[in-house]
Amino acid sequence: MGRADLKAVPEARRALRELLGQWGRPGCSETAELLTSELVTNALIHTDHDAVLTATVSSHGLHVEVRDFVAGKPKPQAPSPEEGTHGRGLLLVESLADAWGVRAHGVGKSVWFELDTDAA
């Protein structure tokens with residue numbers, strides 16, 4: 001996925017919806033889709049590079065990870081009124097995910113979240 005190609009965001013949501021449908025939770029994907037689209041959008045806009053989305057399900061819940069290839073740890077920040085809807089993505093992840101974090105890689109980082117079985 002590349003920044004110039006933000007159509008990857010709805011494609012990521014669709015793929016996650018299909019995964020959750022195969023997992024047997026087709027009607028429980030709203031929060032997962034929202035958080036996934038926030039992480040993918042952040043990776044595409046803030047790094048201006050490609051990103052890799054990985055989603056896995058288990059008996060414990062859903063784990064979604066978006067890896068990019070730019071160093072720098074993102075931090076939730078209070079958005080300013082001048083920014084409109086910008087600046088709220090990580091606040092949503094922090095508020096709605098059961099767990100989330102950032103893991104550094106040799107090149108870049110992964111931002112991930114988890115939703116427990118009941119929430120995913």
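This is a predicted model: local features need pLDDT of at least 70, side-chain atom pairs count only at pLDDT 80 or more; totals for chains, interfaces and linings use all residues.
Start with the big picture. The protein chain has three helices and four strands, and along the sequence these come in the pattern α-α-β-β-α-β-β. Of its 120 residues, 33% are buried. The accessible surface of the chain comes to about 6,800 Å², with 51% of that belonging to carbon and sulfur atoms. As for how the chain folds back on itself, take the contacts with a separation of 6 or more: 59% of them link residues 24 or more positions apart.

Next, the sheet. The four strands make up an open sheet, ordered β1-β2-β4-β3, with antiparallel pairing. At the edges sit β1 (51-57) and β3 (99-104), each of which pairs on one side only. On average, neighbouring strands of this sheet are turned by 15° against each other, direction ignored. In general, strands of a sheet pair through backbone hydrogen bonds. Here, β1 and β2 run antiparallel and are joined by seven bridges; the two form a hairpin, with three residues between them. Within this pair, Ala55 stands opposite Val64 of β2. On to the next pairing: β2 (residues 61-68) and β4 (residues 109-116) are antiparallel too, over eight bridges. Leu62, for instance, has Leu115 in β4 as its bridge partner.

What packs on this sheet? Helix α2 (residues 30-47) does, touching β1, β2 and β4, and its direction makes about 170° with that of β4. On the α1 side the contact is made by Ala8, Val9, Ala12, Arg13, Leu16, Arg17 and Leu20, while α2 brings in residues including Ala32, Leu34, Val40 and Leu44. By class, the residues of this contact divide into nine nonpolar, three polar and three charged.

Then there is α3 (residues 89-96). Its axis and that of α2 come within 9 Å, again crossing at roughly 145°, but this crossing is left-handed. From α2, the residues that meet α3 are Thr31, Leu34, Leu35, Glu38, Leu39 and Asn42; from α3, they are Gly89, Leu90, Leu92, Val93 and Leu96. The class count for this contact is seven nonpolar, three polar and one charged. Leu34 turns up in both helix contacts, facing α1 as well as α3.

Finally, a closer look at Phe113, which is found in strand β4. Is this residue buried or exposed? Phe113 counts as buried because its relative accessibility is 0%, against a cut-off of under 20%. Setting aside neighbours within four places in sequence, Phe113 is in contact with Ala32, Leu35, Thr36, Leu39, Leu62, His63, Val64, Val93, Ala97, Ala99 and Trp100. Several of these names have already come up: Leu35 and Leu39 are among the α2 residues that meet α3, and Val93 is on the α3 side of that contact. Ala32 and Thr36, in turn, belong to the α2 side of the contact with α1. Leu62 is the bridge partner of Leu115, and Val64 is the residue opposite Ala55. How far apart are Phe113 and Leu35 in sequence and in space? The two are 78 residues apart along the chain, yet 8.0 Å apart in space, C-alpha to C-alpha.

Conventions. Residues are numbered from 1 along each chain as its sequence is written. Side-chain values use heavy atoms; hydrogens and water are left out. Two strands pair if DSSP finds at least two bridges between them. Axes are lines fitted to C-alpha atoms, for helices over the stretch in contact, and angles run from 0 to 180 degrees between N-to-C directions. Contact means heavy atoms within 4.5 Å. A crossing is left-handed if the near helix is turned anticlockwise from the far one by less than a right angle, and right-handed if clockwise. Ala, Val, Leu, Ile, Met, Phe, Trp, Tyr, Cys and Pro count as nonpolar, Asp, Glu, Lys and Arg as charged, and the others, Gly among them, as polar. Buried means under 20% relative accessible area, exposed over 50%, partly exposed in between (1.4 Å probe, protein chains only). Accessible areas come from the Shrake-Rupley method with a 1.4 Å probe; for residues, only the protein chains shown count as cover.
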